Structures are given as C-alpha cells and as structure tokens.
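Me: Please take a close look at one part of this structure, the interface between two of its chains, and describe it in a connected account.

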Amino acid sequence: MSAKRTFEVKALSRVEGEGALYVRLLDGAVDHVELNIYEPPRFFESFLRGRSVEEVPDITARICGICPVAYQMSSCHALEKALGLQVPDEIRALRRLLYCGEWIESHALHIYLLHLPDFLGYESALSMANDHADAVQRGLRLKKIGNDLLARIGGRAVHPVNVTVGGFYRAPRVRDLQELLPDIEWALQASIETLRLVARLDFPPLDRDYDFVSLRHPREYPMNAGDVVTASGLEIPVEEYEQHFQERHVRQSTALHSVLLPDERCYLVGPLARFNHCYEQLSPIAKREAERCGVDGAMENNFRSIVARAVELITACDEARELIRQYTREPAVSRVPFTPRAGEGCHATEAPRGLLYHRYRIGDDGLIAEAKITPPTSQNQGQIEDDLRAFVPQVLDLDDTTAARRCEHLIRNYDPCISCATHFLRWIVER
Amino acid sequence: MAARPKLAVFKFASCDGCQLTLLNCENELLAVASAVEIAYFLEARTQQLDGPYDIGLVEGSVTTAHDIQRIKEARKQCRYLIALGACATAGGIQALRNWADVAEFTRCVYAHPEYIETLATSTSIADHVVVDFELRGCPISHQQLLDVVSSLLRGKKPAVASYSVCMECKRRQTVCVSVARGMPCLGPATQAGCGAICPAFARACFGCYGPKEQANPMSLMRFYFDRGIGRGTLVRLARNFNGNAPEFRDASNVLSSQ
C-alpha cells in the first residue's frame with residue numbers, strides 16, 4: 001500500500017492578495033504541488049473596453065495598491081505608442097523619479113515587513129520589532145520616504161492622481177522635491193545598511209537553473225524602458241513579447257500562468273532576474289556596496305532575492321537623489337497633448353516584482369477596444385510551483401506546520417502580488 | 001471594550017490598497033499594534049488568533065458565493081464591523097460588471113470560463129450584512145482610518161466630514177477647475193476626505209470618495225451636459241470606482257437611458 005501525506009497552507013500570509021498552497025506526497029516523494037489562487041477575478045481587461053484613453057492609468061492603478069505606478073507606467077507608455085506620442089526627456093526623468101518612489105516603498109515593505117521575519121524566525125515584523133526595533137524602524141522610515149516621494153509627484157502614495165497619458169497633469173513643484181533631499185540622503189544610507197544586514201543572512205540551499213527574464217537597457221537599470229532579454233539568449237523588442245510568451249489558464253487558479261515558447265517552459269521575473277541581467281547598469285554607489293558585501297557576481301538562489309532587492313533599493317535611492325538634484329526648474333510643458341485615434345501599442349515596464357506587460361487597441365471611436373495585461377506574479381506562478389517541487393524534499397522530515405512555513409518563505413521570495421495576478425495560493429499537503 | 005481590543009482585517013475583491021493604508025501609518029503602526037492586538041491580518045502577519053474580535057476592518061467587495069458566507073461569518077465574529085474603501089462601501093471598479101454580461105466578461109479574460117466561479121454582480125459589504133461604519137475612499141485616507149480606530153477605542157462614534165470636495169478646494173484656495181476651466185468635475189457631488197488633490201493637480205475630481213451626504217449628481221450632470229460635455233463622458237465619470245453607489249448609479253442610469 002502506498003503512503004500518502006498531504007499538507008497545506010489554506011491562506012498564505014505576508015503576501016499581497018489571497019492564495020493557498022497544496023502539496024501531495026506519495027511514498028515520500030512529491031506527487032503534486034499546486035499554487036491555488038483564489039483571489040476572485042475582477043475582469044479589468046473586460047471593463048477597460050469602452051473607456052477613454054485618459055481613464056486607463058487611473059483604472060489600471062486599481063489592479064494593485066502596492067504597485068499602482070507600475071500599472072500606470074505600462075499603460076501610459078503602451079497608449080503613447082498607440083497614439084504615436086513622443087514624450088520629452090524632462091517628463092521621462094520625472095517618470096523615473098516616480099518609479100524610484102514606488103521601488104523604495106515596495107522594496108522596503110517587502111524586505112522589512114514581509115520577508116525578513118522569515119530569515120530571523122518571526123511570524124511578523126510586529127513580533128520582530130520586540131527584538132529588532134532599529135531594523136523595523138529603519139524599514140518603516142524607508143517605506144515612508146518612498147511614499148512621500150510618490151505623494152509629492154503623484155498627489156498621493158496609493159493610486160497617484162497626477163499621471164496621465166503624455167506626462168503629468170501638473171509638473172511637481174521644484175521646492176516640493178528639493179525639500180525631500182535630506183530624507184533621500186538618509187534613505188540612501190539606510191539602504192546601504194539594509195544591504196549589509198541582508199547580505200549576511202543564512203539562505204536555504206536551492207539549486208535551480210532559472211531562465212531569468214527582464215528588461216535590459218544599455219544606459220539605465222530597467223524601469224520604464226528596455227528590450228526583453230532571457231538568460232537562455234532571447235533578446236527582443238517588447239513588440240515581439242507575445243510571440244514568445246503566452247498565458248495558460250489552469251484549473252486551480254484565477255491567475256493565468258505564463259510560459260516561454262516554443263517548449264512552454266516556466267521562467268523567473270523580478271529583482272534576481274534584473275540583477276543578473278543588468279548589474280552593469282546599477283548606480284555607482286549600488287555597485288560599490290554590492291562589491292563590498294561580496295554580492296557582485298551572479299546570484300542563482302532566489303532566497304537571495306532579498307539581497308537583489310536591497311541592491312535595487314540603493315540604486316533607487318541613489319538615482320532619486322540625482323534626479324531631484326537635477327530638477328531645478330519645472331518643465332514648460334508637463335504633458336504632450338493628443339487627440340484620441342485608432343491604433344495599437346504595447347509596452348513593458350519593471351514593476352518592483354517583475355516585468356509587467358500591457359497592450360491596448362484603441363478603436364475608431366477613440367475608446368479602448370481591447371486590453372491585455374500580463375502581471376509579474378502570473379509569469380512567476382509556474383516557476384514558484386517548480387521551485388516548490390524541488391524544495392519540498394528538504395522539508396519532508398519537519399512537522400507539517402514547520403514544513404508549511406518553509407514553503408511560504410520560498411513563495412515570499414517572489415514577492416507575489418496576488419491581487420495583480422488574479423488572473424495566485426493554499427499549503428494543502430496531502431502526505 | 002477590552003483593555004487591549006482585538007482587531008481583525010478581512011479581505012474581499014480588492015487591490016489591497018486600503019489594508020496597505022494601515023501599514024502606511026509608518027509613524028503610528030507600532031503604537032497601534034500596542035494599543036490593539038492585531039489578531040488577524042494576513043497581509044502583515046502569519047499568526048492568526050481566533051475571534052471574536054472587537055474591531056473588524058473589511059476591505060473589498062462581494063463577488064463570489066463563498067464571499068457571502070465569509071462576510072456573514074466575519075460579521076458574527078466582530079463587535080464593530082467597519083467597511084474600508086470604495087470596494088467595500090460601493091462594490092469598487094469591479095462593479096462595472098453590474099452593467100455587463102459577466103459570462104462575456106469571463107470569456108474575454110479566461111480560456112476556460114468553466115473554471116471561474118463568480119457572481120454576476122460586485123456589491124458592497126452593507127448589501128449583505130449590517131455595517132457599523134463605512135469609511136470611504138479609493139484608497140481610504142490613513143488619517144481617517146486612525147481617527148475611526150481611535151474613536152472606537154475611546155468608545156466614541158466615529159465621525160468623518162460628509163461635505164463635498166469643494167469645501168476642501170476652497171480651504172486650500174484651489175481655483176475651481178469647473179468654473180475657470182470648464183472641466184466636468186465630480187467634486188460638488190463627492191464626499192471630502194482626499195484633500196481635494198485632483199483640482200490641485202489641475203484635473204477634475206473623479207469621485208474616489210463616493211457621493212457626499214444628500215448629493216444630487218443628476219443635477220450636476222445636467223449642468224455639464226448643457227455646457228456641451230458629451231453623454232458618454234458623463235456616464236463614464238459617474239460609473240467609476242464608486243459607480244455602484246446608489247446616487248452615482250442612478251445618475252448614470254438616467255443619463256444613459258436618455
């Protein structure tokens with residue numbers, strides 16, 4: 001008779017959105033792993049049809065409360081391509097500064113409040129604060145500075161109101177940004193301390209051969225621009241994305257799984273992919289600190305994504321400082337005007353948790369006729385399950401609760417954003 | 001209320017932005033966590049304490065049959081149940097399905113619609129259970145959230161301003177974008193709370209905080225229509241994050257039927 005054991009996490013914690021994990025073992029071997037996304041569908045791609053071009057960045061922001069800027073940026077760029085709009089460098093710089101704010105806020109949240117408790121053995125940052133008050137306070141202040149930067153450019157941190165197709169409704173005031181420089185200086189030092197803290201954590205072994213996928217740009221660390229590159233050697237303009245990456249709908253998930261063609265392999269997007277593809281484009285201070293911490297080579301273990309996230313936090317703070325210093329006068333024109341017309345455009349930007357692809361078709365009536373949105377977590381879902389299949393044998397000797405915790409830790413490596421991906425998880429382990 | 005009341009955070013269909021607002025109270029978070037026992041808050045902690053809870057904060061709208069069961073159970077567990085944000089108080093942007101064929105919506109996104117279980121409508125928490133207080137916004141204001149929680153802790157009835165966004169514009173001395181620039185602004189019909197940020201950024205209000213007390217959005221829509229703003233633009237303006245709030249819903253239905 002075969003011995004069956006199952007264990008489950010009915011509701012994943014310290015992730016954004018709702019999911020569960022189910023693992024079934026047969027005779028001590030992993031028989032089935034399922035990441036169950038039960039976050040209910042909200043049908044953004046359906047109800048975007050018939051909306052005006054100007055409304056799109058406001059609506060897509062509502063896909064995710066943690067990374068609304070990513071949705072706004074991918075939307076705006078895709079629609080600008082559809083409309084044939086060229087956006088001047090001054091607006092481009094402000095968009096990068098806004099994105100830096102989101103990376104700082106989101107990475108600080110994930111490193112300190114969601115992921116670090118796993119490494120230090122706490123159930124939450126709230127419990128961790130009893131023994132590591134300085135670290136938690138540092139994380140909270142970093143997050144606050146990121147949010148403050150978002151609010152000064154976008155009006156508010158969650159669902160900024162100032163972003164529009166063509167640029168910004170109003171250019172941020174020079175003084176409003178300059179005032180933030182002392183805080184950004186503090187954040188840069190705090191981000192360096194963050195890297196020093198996370199670089200010496202103990203990382204569970206996880207030997208995987210990931211196909212990393214991210215944007216890459218010759219002159220800048222990828223946020224708003226770049227070609228799509230894979231570790232397996234593909235390098236394509238974003239316009240060819242759908243020829244190589246496709247979504248599959250599987251029964252256990254309201255999220256769609258993305259696969260890389262032709263052989264339908266899973267792949268990894270996010271900080272580890274960007275770090276490995278774009279190390280040279282990191283800011284000088286980020287590179288210097290990475291070298292000092294001995295993390296300047298390739299990183300293959302996604303438990304070390306917290307290190308990549310910390311390096312990116314330094315880059316975001318360093319670049320934000322530079323961009324604010326350069327912002328000495330408001331641009332004459334805050335946005336490029338346009339008249340809605342028929343057309344189609346696609347674009348990808350780098351959300352804090354990975355590549356985010358949008359495509360829109362505008363109809364003859366100037367309204368959205370078709371929308372396609374591929375969030376980072378649905379791209380990572382197949383890879384998360386694949387990681388779990390490789391990882392579960394390491395935790396088989398543990399009791400169900402501890403084994404489930406370890407698997408949740410692995411899932412958090414991906415900073416999954418389940419609300420976005422509903423189109424993500426339960427540890428149901430059958431043993 | 002108990003010496004250290006227990007607080008729970010429940011999530012339904014949403015973007016997580018409103019519960020994130022609790023974590024965005026960076027200066028106050030650790031103080032809040034000492035004043036109340038954060039007993040159930042999946043986004044922030046793994047530890048889950050069983051109910052009953054003194055305060056339940058609910059984010060998100062009801063979109064599945066299972067949601068209806070969950071919200072009824074949450075209601076039983078909580079002494080005070082507070083709905084947070086446009087999804088929980090009006091159904092959210094996902095309530096746009098209420099004017100559409102949800103089967104067609106499902107086919108549009110999913111290759112296997114048969115795997116998807118969803119209701120034909122997205123509805124507010126108060127449509128299903130008694131709610132003790134509704135905090136508006138898309139997203140909510142972190143200051144208003146702190147005010148509501150501290151009111152409950154002191155045994156006071158929570159109170160937030162129910163007047164319109166116009167009052168906030170006047171207070172910050174923002175020139176009216178409707179009067180001066182002819183923009184169709186939803187501010188006169190929308191509840192304050194955001195700080196009137198949109199007009200300050202040279203754009204019209206699009207109703208994140210839902211209808212103000214005794215709002216008459218239909219009259220406002222007629223005013224804009226008479227000044228040449230297209231019907232489609234006005235219907236879309238009313239059918240937004242709070243499109244399923246009764247006052248906005250009725251206005252958009254009248255407009256689209258004319």
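Reply: A salt bridge is taken here as a side-chain nitrogen of Lys or Arg within 4 Å of a carboxyl oxygen of Asp or Glu. By that rule, five salt bridges are counted between chain B and chain A in what is a predicted model.

On the side of chain B that touches chain A, at least two residues each are supplied by helices H1 (17-23), H2 (29-35), H3 (65-77), H5 (102-109) and H9 (197-200) of chain B. H5(B) gives the largest share of that side, six residues. Sorted by class, the side of chain B that touches chain A comprises 33 nonpolar, 14 polar and 12 charged residues.

As to extent, 59 residues of chain B are in contact with 67 residues of chain A. The area buried between the two chains is about 5300 Å², and carbon and sulfur atoms give 62% of that area.

Over all chains, the structure holds zero disulfides. Cys15(B), for instance, is in no disulfide, the nearest cysteine sulfur being that of Cys18(B), 6.4 Å away; the cut-off for a disulfide is 2.5 Å. Cys15(B) is buried, with a relative accessible area of 10%.

Terms used. Residues numbered from 1 in each chain as written. Chains lettered and ligands numbered in written order. Predicted model: local features only at pLDDT ≥ 70, side-chain atom pairs only at ≥ 80, totals over all residues. Heavy atoms only, no water. Contact = heavy atoms within 4.5 Å. Buried area = accessible area lost by both parts, 1.4 Å probe. Helix = DSSP H or I, 4+ residues; strand = E, 2+ residues; numbered from the N terminus. Nonpolar A, V, L, I, M, F, W, Y, C, P; charged D, E, K, R; others polar. Buried < 20%, exposed > 50% of the residue type's maximum accessible area, 1.4 Å probe, protein only.
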